[in-house]
Amino acid sequence: MGPPSSSNRMRYAGTRRKLVLAFDVGTTYSGISYSILDPGQVPEIRGVARFPANEYISGASKIPTVMYYDKEGRLRAAGAEAIQDGMLEAALDGGWVKTEWFKLLIRPKSGGTEFADKIPPLPPGKSVIQVLADFLQYLQTCAEGYIKGSHANGQELWNSVSSEIDYVISHPNGWEGYQQTQIRQAVVLARLIPDTRDGHARVLFVTEGEASLHFTIDNGLPAGVIEAGEGIVVVDAGGGTIDISAYTKKTGRHKKASETFEEIAIPQCHFFGSVFVTINARLFLDEAKLFLHTDYLKDSEYYEELENIVRCFDKSTKIRFNNDQQPQYIRFGGTRDNDHAYNIRYGQLKLSGTDVASFFEPSVRCITDSVLKMMSATRKPIKHVVLVGGFSASDWLVSKVRHVLSRKGLKVVHPDNYVNKAVSDGAVSFYLNQRVKTRIAKFAYGPIYNALYKPDISEHRERKSMIITWRDGSKRLPGHFSPILPRGTQVSEEQKFSINLTKRPSTNSSSLKLVSDVWCYVGQDPNPRWKDADEGNYRKLCRLEADASFLRHRKPHKNMDGTDGRYWTFDFTFVLWFSATELRAQLVWKEDGVEKQGPASIVYEPNDI
């Protein structure tokens, strides 16, 4: 890959200077990229390359996603400052609580349940939104300090843009609306934006897979990697997740069309990032019988050093491992630390290379199996796989993935530089270019409603006992799923999907609110229709809400179900846009034959998919 280039970007057409900040909050490391948009100028993407105490970490483009809180819940240290010399001793003396891997607590509850007990707990009295807000505030402070210190007239520059910064937050492929809602709440809590509709609009989300695609395009893919009509798989191997996406370059006579991309397979997200290599190492050392050995350290006098040994493995042995035919060493102590029976000599624990390789094996298998599965799910020919992300700095991971996929005719492209900046740089590029114009629906989406009973339909007769009678006297069957977007459908960016509804609210209602739940079907039935036919595979995604107080001027109808009272009849439509990286909704109805539009809010289910 070549150096970053901005030659293909358009000049900024805005009338005022603007700052775009991209925060890549990773499970283990986090980074910041930004762009200062000046009217009439071609934007450049820059990375924050200097952080407080960053001389204590290797490289300056990222900092550890680590924080310490004191007993009163106050943040005492974050980032590289949290791992500098003397910090561990200060934390022990002060009773501080270390917080890391908290990003994984935001994940959809249906994913990663098998490792939930391995995630360190949050500080007492703190929610994950509060912890994320503290870290985002810290990143903002780092960005401010860097921009002020590295640009001419930096203070004046910051003052001119700081009140209306646009933010791009990247997240794993598998995260949906509820995760985005939590992140936006954290951004508000961090006081980066006001809690208003306009404030919320200043936060954009992008998947790590899509950000990685933008990064690879900007940084010069080798000639011929994306030929006309050919697909490409992008693997972002990070600290917590491995995100796998597939795209193809759109063909067309116009230059603008040839610079856009289409998603050609359902994106995947797997919890097999680099932290799970460390988790596997810890399991091996603590309970090696899980790996068909006897207990490895349980009977050693150094068992109490287990956490320190695992930490040293994570910081050194894991990173430099590249040969399973040679013994590997974890240096955790001094020359006086010896226990020959347990392979501990001169402060080093000896492991076989094959054992260390086994810690990586689930992640390697996840990547190779997922890439091959994605290839089989698309009709586009795929010859290249681009491997980015912090975990791809592992020579062993890259060599094993390359070995397996090369036998299937695939060439693995791995950038020599910029690996740690892929997501944050790509997130800024997404803001500037937004090259992906079509995406694939991961599930079937639609409402579950009360269908008008039709006795001539066998599925209706089978559910005759479930009939309910509405105010207008009609007979209805609950639980009918009406997909408006089938699974696997390729959706263009501005394509609209409609949920047409009729509501009959009582005139006695104190609040006139229109609501409709959006469900998704995650099962294998190609034509899902009734919730009771596959109950366990229906998930409520969100609720759409809109104000309908304007109904009060309409003439009501008398109840026809035998009860007293009156009601209004109101036909309306919730319009949805699924293709954007964040779901959007709008209320549409007709008033005296004229189409009207109004805002609609989206309230996500806490345990969404």
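Which residues are linked in a network of salt bridges?

Modeller: One point before the details: this is a predicted model. The network of salt bridges links Asp70, Glu72, Arg74 and Arg76. In general, side chains of opposite charge can pair when their charged atoms come close. The structure holds 33 salt bridges. Three further pairs are worth a visit.

Start with lysine 126. Its side chain meets that of aspartate 134 in a salt bridge, at 3.7 Å from N to O. How exposed are the two partners? Lysine 126 has a relative accessible area of 22%, so this residue is partly exposed. Aspartate 134 has 18% relative accessibility and therefore counts as buried.

Next, go to lysine 531. Its salt-bridge partner is glutamate 535, and the closest N and O atoms are 2.5 Å apart. Glutamate 535 is partly exposed, because its relative accessibility is 47%.

Lysine 540 forms a salt bridge with aspartate 517, with 3.6 Å between the closest N and O atoms. Lysine 540 sits in strand β27, residues 538–547, while aspartate 517 sits in strand β26, residues 513–521. The pair therefore ties together parts that are 23 residues apart in sequence. Lysine 540 has a relative accessible area of 23%, so this lysine is partly exposed.

Now leave the salt bridges for a pair of helices. Helix α8 spans residues 274–287, and helix α9 spans residues 306–320. Their axes come within 10 Å and cross at roughly 140 degrees. Angles over 145 degrees would count as roughly antiparallel, so α8 and α9 are oblique to each other instead. Their crossing is right-handed.

Look at the residues that meet there. From α8 come Ser274, Val275, Val277, Thr278, Ala281, Arg282, Leu285 and Asp286. From α9 come Leu306, Glu307, Ile309, Val310, Phe313, Asp314 and Lys318. By type, the residues of this contact divide into eight nonpolar, two polar and five charged. Among the residues in contact are Val275 and Leu285 in α8, and Ile309 and Phe313 in α9.

Terms used:
Residues numbered from 1 in each chain as written. Predicted model: local features only at pLDDT ≥ 70, side-chain atom pairs only at ≥ 80, totals over all residues. Heavy atoms only, no water. Axes fitted to C-alpha atoms, helices over the stretch in contact; angles between N-to-C directions. Helix = DSSP H or I, 4+ residues; strand = E, 2+ residues; numbered from the N terminus. Parallel < 35°, antiparallel > 145°, perpendicular 65-115°, else oblique. Left-handed = near helix turned anticlockwise from the far one by under 90°. Contact = heavy atoms within 4.5 Å. Nonpolar A, V, L, I, M, F, W, Y, C, P; charged D, E, K, R; others polar. Salt bridge = Lys/Arg side-chain N within 4 Å of Asp/Glu carboxyl O. Buried < 20%, exposed > 50% of the residue type's maximum accessible area, 1.4 Å probe, protein only.
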